[in-house]
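Dear colleague,

Please find below the structure that I promised to hand over, followed by some notes on what was found in it.

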Amino acid sequence: MDAFYIITVSTLIAISCGILGCFLILRKMAMVGDAISHAVLPGIVLAYFITGTRDSIWMIVGAGMLGIFTTFLIEFFHKKARLQTDAAIGVTFTWLFALGIILISVFAGQVDLDQDCVLYGEIAYVPIDLWITESGQNYGPRALHVSYIVLILIVLFVRVGFKQLYLTTFDPAFAATVGISVSLWNYLLMGAVSMTTVASFDSVGAILVVALLVAPPATAYLLTDKFKYMLIITCIIAVIISFFGYYLAVYLDGSIAGAIVTVAGILFMLAFLFSPSNGIVFKRYLQKKEAAKLSQEPAQ
Amino acid sequence: MDTFFEFFSFSDPSIVAVVIGSILLTASSAVVGTFTFLRKKALVGDAVAHAVLPGICLAFILSGTKNPFFLIIGAFVTGWLSLVLIDNITTRSKIKEDSAIAIILSVFFGIGILMLTHIQHSGNASQTGLDSFLFGKAAALVGKDLITFGIVAVILMVTVSLFFKELKLIAFDMNYAKSLGLPVKAIDLLLTTLTVLAVVTGIQAVGVILMAAMLITPAAAARFWTNDVKTMTIIAATMGAISGLIGAYVSYVAPAMPTGPWIVMIISAVALLSFFIAPKRGIISRAVDQRKLQYQIMDENLLKALFHLGEKNDDTYKGRTAEEIIEKRHFPKARLMSSLKRLKREGFLKKKNGLWAFTEAGRIKGQRVVKLHRLWELYLSKYVKIAADHVHEDAETIEHIITPEIEAELERMLEYPEMDPHEERIPY
């Protein structure tokens, strides 16, 4: 039963991250996602400290706002200080992340958080951390509830705003001419990314969530050229990496989140090498065949 | 306060070691970071920093010791591998660079975490302290480690100063460097190697996760103070060294605190300050310049409007109400009033019975703007062959920018013309 809970939670998280990640990588904003996932840390620590609990709606809201603030700060440094984008991202998130780590050390003992948890989460504790009401009713693991609620919210968000997200991703100029605010949807997407990051934080930690945001969508991207299929394949990959990741971790007696990411990396490498449409092995084979065909043709 | 003097009197030899170590590490990564920053590859450093973790763990598993020499080799191998992979993924598939960096960064780190937790759970007693590579621990720099890391840091700085010119060239203009016959690929490889080395040494002080900051932030901050690469490198190194010194102090005072985040906080504060207050490029100074330019344009337009008003009936020095001016050309009332007051203060206008009139200096200035405007219109229609009804907009902008030298040149080229394309007199 424990394994079932852990795999289910990580699958749900990976699907939420993957759906958003599809938009991120197509917008060439993967590193902004990385920055946000680091930068929400001080928000999480402060929310822990102020409210004293983990499952507070304020924490998600607070960290969501911090994510939007990060996006704003990156834009601000880029536009107002004319700092190149990569440096603007680098400066912003390292600073906020450092602040978060310092806050953890300062509040050590008062906050149920440590550096390990930040790094790779505590998904192994999912089955222990139960949601029990005051009347003693047991509703099962709390993380399970958080993760499916987040997934429902993300699916709703993408479903309702699909047209806008799709257009602002693929053709921002056209989106602007038909009256869709590109920057509004950018901020909404980043807000969604930060909320998902916060919700996944307990389970996979701040850094490995990046892998869930980027690796499955990138793998899917190598396997198909259609956006809809890319979303579906991403979800399938989410299931696969959660399942095999869990058992790899059990086998090696290591971090589950680390193992899930390792499997995601392996899948990406496989797609990179052997994807029927984009893999480099297949491309090389096609090139050879083409070359052979050309050399066989009689010279005119 | 006692600890402060104890630390900064450097009486304890172990403090000296820690201080020298942290300064060397942070300064050398700042130096290398300057070039990755200029090549716009700042985030690649982030990927390398995360990617050294599995290398360190692997080296530990294979060698069974925490000998820094082995760990550096392990870190070097995976750090290098990560760069090769990023390069391959971007060139050989449709994955863009940002996604490639994010994937390699997180996956390598994930593998590293898996290995690290595996080592920790294996109960091997010598593994304790391996996780200080995650967030850095400057105070852990002692004797042997210091020598190893110190040597690498010195090698880094010497290499950069030896190949300074080449590195500078490929950072700015790859194609030009190629056309000069420089071995561009080899230099790029050198920079890559230096980046990996910088990361490998810096992690002892800052840790793998925040190492990116040591590469990016000092360079980004230094960029705001100078346009010269050599100066920029020196400023970046100094800023890095200062943050390293303070980081070492924090590490000494509060051993429970991870050093890395403090070093990063300090260097980030320096950078933020630079972004705002640096002369010329800083946000504040830029805003001030912009405001000044806005005022200048507003004032010149106002003087021009006054001059136009006087042209009709040849009563240039007649006093006029603000309403009259607005009728001639629409200015927002508040801005008009502040501009009028400013011009009065500067002696270009005077106010009599609520009427505004030119002084001699004001008339000359207004006349010059009108002249430049019409000269430029004539130039555009005569030399660039733009239709007379299309030249106004362009002249409206350029009239505020033309220098006396260009003014003289225009007059000479157009042979002191009488009329502009709209048959209006050009005033001299």
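Predicted model: local features only at pLDDT ≥ 70, side-chain atom pairs only at ≥ 80, totals over all residues.

The lining of the largest cavity is made up of Ile56(B), Pro68(B), Leu71(B), Ile72(B), Ala75(B), Phe133(B), Phe149(B), Val200(B) and Ile203(B). Two elements of chain B, α4 (68–92) and α10 (184–206), each give two or more residues to this lining, and α4(B) gives the most, with four residues. Sorted by class, the lining has nine nonpolar residues, with no polar and no charged ones.

As for the cysteines, the structure holds zero disulfides over all chains. Cys22(A), for example, is in no disulfide, and the nearest cysteine sulfur, which belongs to Cys235(A), is 7.6 Å away, whereas a disulfide needs the two sulfur atoms to be within 2.5 Å. Cys22(A) is buried, with a relative accessible area of 0%, and Cys57(B) also counts as buried, at 0% relative accessibility.

Finally, a word on confidence in chain A, which averages a pLDDT of 86, with 96% of the residues scoring at least 70. Among the elements of chain A, helix α11 (residues 227–252) has the highest mean pLDDT, 94, while helix α6 (residues 115–120) has the lowest, 71.

With best wishes

How values were computed
Residues numbered from 1 in each chain as written. Chains lettered and ligands numbered in written order. Heavy atoms only, no water. pLDDT = per-residue confidence, 0-100. 1 Å grid on protein atoms, 1.4 Å probe; cavity = no way out; pocket = protein on both sides within 12 Å on 5 of 7 lines; lining within 4 Å. Nonpolar A, V, L, I, M, F, W, Y, C, P; charged D, E, K, R; others polar. Buried < 20%, exposed > 50% of the residue type's maximum accessible area, 1.4 Å probe, protein only.
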